[in-house]
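Here's a quick briefing to read alongside the structure. Take a look at the fold first, then work through the points below.

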Amino acid sequence: QVQLVESGGGLVQAGGSLRLSCAASGRTFSRYAMGWFRQAPEKERDFVAAMDRNGGKVYYEPSVKGRFAISRDNAKNMVYLQMNSLKPEDTAVYYCVANTDFWEIANMKQFMGYWGQGTRVTVSS
């Protein structure tokens, strides 16, 4: 069983930065690929970034590539999303996800993973 808790969201002006954190429970964190999704108001939930269990393979949604960076620290059971050059269209609730397969996350395939409750990011114009 894996439990995920996101933090680090907030209000920031366009061009600013935020670092989201996701804390995972349990002793099997390193066995899971990790990812971030987001859901803007009145829109569907969309993929943002994914990383395999070793941190050697990453995949980003094109609109965030070069601005966002996913990372993980398996020793601390943590995954992060560094967000730079934020834009108003980045405004959304951001969700952390853990899954056994990296490409299921990256390709938005149906999977039986673990989800956090989300952290809200608001980027003002």
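A disulfide here is a pair of cysteine sulfur atoms within 2.5 Å. This is a predicted model, so local features need pLDDT of at least 70 and side-chain atom pairs count only at pLDDT 80 or more, while totals for chains, interfaces and linings use all residues. Residues are numbered from 1 along each chain as its sequence is written, and side-chain values use heavy atoms, with hydrogens and water left out.

**The disulfide**
- By that rule the count is one disulfide.
- Cys22 and Cys96 make the link, with their sulfur atoms 2.2 Å apart.
- It ties together distant parts of the chain, 74 residues apart: Cys22 sits in strand β3 and Cys96 in strand β9 (residues 92–99); strands are DSSP runs of E, at least two residues, numbered from the N terminus.
- The link of Cys22 and Cys96 is left-handed, at -85 degrees about the S-S bond.
- Both Cys22 and Cys96 are buried, meaning under 20% relative accessible area (1.4 Å probe, protein chains only).

**Around Ala24**
- Ala24 belongs to strand β3 (residues 18–24).
- Ala24 counts as buried because its relative accessibility is 12%.
- Beyond its neighbours within four places in sequence, Ala24 is in contact with Val2, Gln3, Leu4, Phe29 and Asn77; contact means heavy atoms within 4.5 Å.
- Ala24 and Met78 are 54 residues apart in sequence, yet their C-alpha atoms are 6.1 Å apart in space.

- β7 pairs with strand β8 (residues 78–83) in the antiparallel sense over six bridges; pairing takes at least two DSSP bridges between the strands.
- Phe68 stands opposite Met83 in β8.
- Four residues lie between the strands of this hairpin, where Asn77 takes a positive phi near 55 degrees.

**The largest pocket**
- A pocket is an open set of points on a 1 Å grid over the protein atoms alone, where a 1.4 Å probe fits, with protein on both sides within 12 Å along at least five of seven lines; lining residues have an atom within 4 Å of a point.
- The largest pocket holds about 150 Å³ of space, a volume being the space filled by probe spheres set on the points.
- Its lining includes Arg38, Lys43, Glu44, Phe47 and Glu89.
- β4 (33–39) and β5 (45–51) each supply at least two residues of that lining.

Conventions
Buried means under 20% relative accessible area, exposed over 50%, partly exposed in between (1.4 Å probe, protein chains only).
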